[in-house]
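I opened this entry to look up ring contacts and pockets. My notes follow the structure.

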Amino acid sequence: MDDGLLDRRMLLTATLGLAAGMTFPAAARTASERIDALLARMTIEEKAGQLSCFNDDVRPVDAVFNPVVNPRSAAAMLAEVRAGRVGMLFNGYGVAGARKAQEAALASRLGIPLVFAADVIHGCRTTFPIPLAEAAAFDPDLSERACRAIAREASAAGLHWTFAPVVDIARDQRWGRVAEGAGEDLLLNRLLAAARVRGFQGDDLRANDALLATAKHFAGYSAVTGGMEYGAVDMSEATLRELFLPPFAAAFKAGAGATIASFTTLNGIPVTANHWLLTRVLREEMGFTGVCVSDYDADRELVAHGVAENEADAAKLAITAGIDMSMQSGLYNRHLPALVAAGRVPMSMIDRSVRRVLALKEALGLFDNPFRSLDVRVERRAVKREATQKLARDVATRAIVLLRNDGDLLPLPRRDTRIALIGPFAADRANTGGPWTFAGRTQDAISIEAGIRALLADPDALTVEPGCAIEAAIPGGIERAVALARASDVVLLAIGESAAMSGEANSRVSITVPAPQQALAEALAATGKPIVVLLRHGRALALEGAIRDASALLATWFLGEQTGTAIADILFGVCEPTGRLPVSFPFSTGQQPWSYDRPATGRPAPASQPMEGGRSHWRDAPDRALYAFGSGLSYTRFTLSNVKAPAEVLHDQPLVIQAEVTNTGTRPGTAFVRTDLHIRIGEASPIRRMAGFTHVHVEPKKSVIANVLIPSDRIHYTISAPRGDHSRDLKLTVMLNGLDKYSADITVSNH
Ligand code: NOJ
């Protein structure tokens, strides 16, 4: 093995160091006397029951999140619970139904309580922005507060456990689940993984409003070939350890009590059957002590993967690999008793997983209080509180990214301007939430039209025209839209992806705006009117033609129910745009997978001549992003000066960088100061990565000192090298609003 790889492989033991950091209380509780006593009384059938979880057919939500497998009536499900054949129910909603199910569980022979889980990904009844949008705020504290509010609402509706956060680093925008995570960067993923776990779980897992967190999908799930959902993942062990495991490590260190195994293969072996990954790496190296759940029906899918002969084999492979709980297939209930009786699976292996599940229930306080979080009065009070909606609005506003603003077209005046709002999302509410709007309701969403009208001095100054549908033309639609544009001063063009175009199983081969909307944009551009594009999307898009070239461009993602208010606040300057891109917008789909932090090429193209012959680029696209990770403008302008960085820092000391930010414009604004690091000369080709960032608010004509603190462990993560082995010469780059402004050499020394 060469030195570079050795260097990176050492990373896990050198810096993941989880065993000591693991804080999930279950770690301390697996030996509880109560659990021992219960285990001693359990039959193998009851043990298999605790290791089985099913869609909550007792109190189903309206939305369909998974293919229908083994459906049951509410009565049949309650009978299963009473028979002790269910450990957890998921994706149900409402206290009344949960109480019924819990009563059934308590009436089973051993009376072991159920735990209720759900895919509460970005809101329960109040729909927040998708996690990718929330990540654009680059604010772990905001993410933590959002998850806390979501946990309060979800727990009040009879839930104890969320299947979130998604901590899969997403570098291929063709993959539909980019929407659910924190984007392409390692640091942002690590910080938000921890913040979201803290937010969901709160300070005390036993509290009524705590929601156990699940870091998913372990591991490498997002790196599917071609971005195709459920496809194959092939990556070096170094990349897995350097990039894909650290966000899980951060989530586990913050106390996440569960993980869900990836549906995919990893280097040929389905994760659900991958003992190396689920036991050697997850348990022995990373020190995870919580519960590892299969994904939905994924143990049964081992037959389709071609690694299991039949369902019994599949169950054996899954439990042996380290899957504690089987989701939805029912395989553990059906096959574990016979597998144990035949000596094919040792009872000790079953007991190990049952202990983990019971420890999780104990950590949540369910043995002492099985009706925790199941109080109808709290449900009435806690659902859709005003404070929750206000926070959803704050997050939505902070998520919007201003990518282009020619001639300072934005913010718009609130009077004396005739505004044409055109596009399929102008008056839309059904697509504001994006994928996984768990119990959110369309009628609660505020459309862009409603948000804007509420802010205008003369609401009639706004006229709305769809122009086309999301993926189809409307007869006469373009003509009407063009006529409206001609009669207006400015065009707001609300276009992009529908909610169904991103999320699980919604990979795309072409990440462009659908053709009918592109045609609408081209026709409107021909009028010569200034166009502000309000882009709706669950991933970075490859923008083309009139959309790419519009005078102003706002990335607005799926912002949840406060879509209209947040967009209007930014458009009219009630709030300044402060969001930054957590994913790079490419020139073309063919550039995927893409991320800003790539090893250097030996033949870089000069920035001034990106298409110079014999250099690194495609024939039809440069080797750079249209809008790179971290991009985003303000309504004012800033300069950076007086940067202070130490020439040398000890390997166990933090790095503190100071810079003066001056607002040279006429509006108050928030600047984004970011620092990147890389090894100057590395064993492996050095990768430049974000190591720290901060926001500073600056009044017009004033200056503020920005401090960026880079803790020592973060330096080592960022440069992918263990701490303290020998001195390192680093290059520091300081960026202001996404642009390089300053660089310096720094030595990290070991003495
Ligand atoms: C499949 C998804 O991959 C996973 O993220 C989700 O938690 C489960 N379905 C349960 O709905």
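**Pockets and rings**

I began with the lining of the largest pocket, where S12 gives the largest share, four residues. The model is a predicted one. I noted that strand S12 (401–405), strand S21 (669–679), strand S24 (728–736) and strand S25 (739–749) each put at least two residues into this lining. Domain 1 (381–591) and domain 2 (638–749) each contribute at least three residues to the lining of the largest pocket.

I then looked up the volume of the largest pocket, which is about 1300 Å³. Its lining counts 47 residues, and Ala628, Met735, Gly738, Leu739 and Asp740 are the closest to the centre. I sorted this lining by class and got 24 nonpolar, eleven polar and twelve charged residues.

For the second largest pocket I have a volume of about 490 Å³. It has 28 lining residues, with Gly434, Pro435, Trp436, Thr437 and Ala499 nearest its centre. Its lining splits into twelve nonpolar, eleven polar and five charged residues. I also checked Trp436 for a charge over its ring: the charged end of Lys216 sits there, 5.7 Å from the ring centre.

Next I turned to aromatic pairs and found 17 in the structure. One of them, Phe218 with Phe252, is tilted, at 6.5 Å between centres and 40 degrees between planes. Phe218 belongs to strand S5 (residues 214–218) and Phe252 to helix H11 (residues 237–253), so this pair ties together parts 34 residues apart in sequence. I find both Phe218 and Phe252 buried.

Last, I traced a cluster in which ring pairs link Phe138, Tyr596, Phe629, Phe672 and Phe693. Over the face of Tyr596 lies Arg674, 5.0 Å from the ring centre.

Methods:
Residues are numbered from 1 along each chain as its sequence is written. This is a predicted model: local features need pLDDT of at least 70, side-chain atom pairs count only at pLDDT 80 or more; totals for chains, interfaces and linings use all residues. Side-chain values use heavy atoms; hydrogens and water are left out. Rings of Phe, Tyr and Trp (its six-membered ring) pair if their centres lie within 6.5 Å; planes under 30 degrees apart count as stacked, over 60 as edge-to-face and the rest as tilted. Buried means under 20% relative accessible area, exposed over 50%, partly exposed in between (1.4 Å probe, protein chains only). A charge sits over a ring if NZ of Lys or CZ of Arg is within 6 Å of the ring centre and within 35 degrees of the ring normal. On a 1 Å grid over the protein atoms alone, a cavity is a set of points where a 1.4 Å probe fits but cannot get out, and a pocket is an open set with protein on both sides within 12 Å along at least five of seven lines; lining residues have an atom within 4 Å of a point. Grid points are joined across faces, edges and corners, and a volume is the space filled by probe spheres set on the points. Ala, Val, Leu, Ile, Met, Phe, Trp, Tyr, Cys and Pro count as nonpolar, Asp, Glu, Lys and Arg as charged, and the others, Gly among them, as polar. Domain bounds come from an automatic or database domain assignment.
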